[in-house]
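Here is my note for your reading of this model. Keep the structure open beside it and check each point as you go.

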Amino acid sequence: MLLTQNLTLYRSKRKIFENVNMSLSSGKIILLKGKNGSGKTSLIKTILNILEPSNGCIYWKGKILKKNLYDYYNNITYISDKISSVRQLSVSENITIWKKLFLSNISNQEIGKILTLLNLDAFFHSKVSTLSLGETKKLELLRLIIENKKIWILDEPLTNLDLESVDVLEHTFTDHCNKNGSVLFSTHNDTKLNISEEIIL
């Protein structure tokens, strides 16, 4: 379980967010909602131990996060709003790198099915630099399946996706939670997902 208590962040005396209390356990989907610049990304980076909070605590499995970081990171997939794939390499080459990096045992057949579902199969041998923003976002989201971690943390995953892809992603979130996974994601868009908890920033 991931737990935050009174999590607060200031930058140059400017309040970014204050007293955020959250409990992310198996089967839950938590939505961070707010306009651009409202602090959603900063909160996610604080939860990921990238930013140091000004006040408050983060716990993982009942322990202070900093004392349990190795296990924490082994259980989390983080998809940022930035591109993590290598643009000079092909879709296929990026997938191969991710599979090796995360010691994934997902089969090429499973990968093929997902690529078809996301309408990316035609770009299998194309360089990432030739893809549209939406196609690149879908490739980034493929890491969720490749890494196969319990907790998914995503920053603005719905941005640049067409309606069909949003529907696929929302079904994927629900399926993950039905298998005792959990999801924390941010968006300024509306969603049809059955949200367990909503945090407005």
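Which side chain meets E147 in a salt bridge? The points below start there.

1. The partner is R143, with N to O at 2.8 Å. A salt bridge here is a side-chain nitrogen of Lys or Arg within 4 Å of a carboxyl oxygen of Asp or Glu. Side chains of opposite charge can pair when their charged atoms come close. E147 and R143 are four residues apart in helix 6, so about one helical turn separates them. E147 is buried, and R143 is buried too. Buried means under 20% relative accessible area, exposed means over 50%, and partly exposed lies in between (1.4 Å probe, protein chains only).

2. **What kind of model this is.** This is a predicted model: local features need pLDDT of at least 70, side-chain atom pairs count only at pLDDT 80 or more, and totals for chains, interfaces and linings use all residues. Residues are numbered from 1 along each chain as its sequence is written, and side-chain values use heavy atoms, with hydrogens and water left out.

3. **The network around K149.** R143, E147 and K149 are linked in a network of salt bridges. K149 sits in the loop between helix 6 and strand 7. Helices (H or I, at least four residues) and strands (E, at least two) are DSSP runs, numbered from the N terminus. K149 has a relative accessible area of 16%, so K149 counts as buried. Leaving out residues up to four places away in sequence, K149 touches Y73, N74, N75, I76, T77 and H176. Contact means heavy atoms within 4.5 Å.

4. E197 lies in strand 9 and K28 in the loop between strand 2 and strand 3, so the pair ties together parts that are 169 residues apart in sequence. K28 is buried, at 19% relative accessibility. K40 also forms a salt bridge with E156, the closest N and O atoms being 3.5 Å apart. That pair links helix 1, which holds K40, to the loop between strand 7 and helix 7, which holds E156; they are 116 residues apart. Both K40 and E156 are buried.

5. **Strand 7.** Five of its five residues are buried. I151, I153 and D155 point one way, and W152 and L154 the other. In a regular strand the side chains alternate between the two faces of the sheet. Strand 7 pairs in the parallel sense with strand 6 over four bridges. Strand 7 also pairs in the parallel sense with strand 8 over five bridges. Two strands pair if DSSP finds at least two bridges between them. T77 has W152 as its bridge partner, and I151 stands opposite S182.

6. **Helix 5.** Is helix 5 mostly covered or mostly open? Mostly covered: eight of its nine residues are buried. Among them are G134, E135 and L139. The buried residues pack against strand 6, helix 3, helix 6, strand 7 and helix 7.

7. I97 is in helix 3. With a relative accessible area of 39%, I97 is partly exposed.
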